[in-house]
Amino acid sequence: MSPTRFRWLATATVVSLYVIVITGSLVRLTGSGLGCEGWPGCEEGAFFPADDAHAFIEFGNRVFGIFPIGFAILTAYAARRRERWVFLVAVAVAILTIAEAPLGLATIRYDLPPEMVMLHFLVALLALAGAIVLLVEAIRLERGAAPITFPRELRIGGVVLAFACLGLVSTGTLVTGAGPHSGDPDVIHRLWSLPDALYLHVRITAVFGCVFLFVLGYLVARRTLAPRLFRFALVLLAVLIAQMGVGELQWRLELPWGIVAVHVALAAGVWALTVSFAAMLWRPPAWLVERQPG
């Protein structure tokens, strides 16, 4: 497979995994988690959902799940003749994506326990992270590697930032697990207390913010080394500020599901951009230093 086609395939995997994170959150936030209690059909004896909005939302999420699974498998197959680590990451992404199906089934069978819902979400985010690493490498294969090596402290800072972001999204799922959106109106079991979960999430947010400001400040002093990476970091900063604003708004409005959905979408965006940023510090593609004509 040509580098360009491999890059398109990696892009399709990233986009489909991001979308499935959003559709999965909508299943939960609209109370549609038990809209379909059968598998693979929606109900026992009926493959397609009946005339019920919750069933259509849950079944639609299942149907769309075919795309990330298919793209992840194709990407793994296309990566078999690339570097060994690229192939292993692609296989890991495919395994994680496929594992989402039985994990989703188990979550339904056990009536949406918050621990399993959290695991379901985090597995999707890990698959998305792996797919992003593959995409960065695919861009390097297509357009070449940048003739630069970033300082070791900055590269390590990128890794620390990615782990801090993982803590950020993990505690975010903990807040959701303690909040009012269980995935079904009849499911009342929640995880931990909401104020305590929020307390932890806010502290981890502060840790992530401090690490990001350190990395950004380090990058500002060396922005001429890779101007486009600096601009990419500013995009991440803008999304992070928007995420914090939406988080504050949803809390003050007592967690309406629509605003929570936006918060989840932005959280996935922060995660995707952070992983991309860290990956480019270690494996910089040529476009980071390419000059615009004129």
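At 15% relative accessibility, Tyr218 counts as buried (under 20% relative accessible area, with exposed over 50% and partly exposed in between, for a 1.4 Å probe and protein chains only). The model is a predicted one, in which local features need pLDDT of at least 70 and side-chain atom pairs count only at pLDDT 80 or more, while totals for chains, interfaces and linings use all residues. Residues are numbered from 1 along each chain as its sequence is written, and side-chain values use heavy atoms, with hydrogens and water left out.

Four aromatic pairs turn up in a search of the whole structure. Rings of Phe, Tyr and Trp (its six-membered ring) pair if their centres lie within 6.5 Å, and planes under 30 degrees apart count as stacked, over 60 as edge-to-face and the rest as tilted. One of the pairs is Phe64 with Phe67, tilted at 40 degrees between the planes and 5.4 Å centre to centre. Phe64 is partly exposed at 24% relative accessibility, and Phe67 is partly exposed at 46%. The planes of Phe214 and Tyr218 stand at 50 degrees with the ring centres 6.2 Å apart, so this pair is tilted.

Charged side chains also meet rings here. A charge sits over a ring if NZ of Lys or CZ of Arg is within 6 Å of the ring centre and within 35 degrees of the ring normal. Arg82 lies over the face of Phe6, 5.0 Å from the ring centre, and the charged end of Arg155 sits over the ring of Trp282, at 4.7 Å from its centre.
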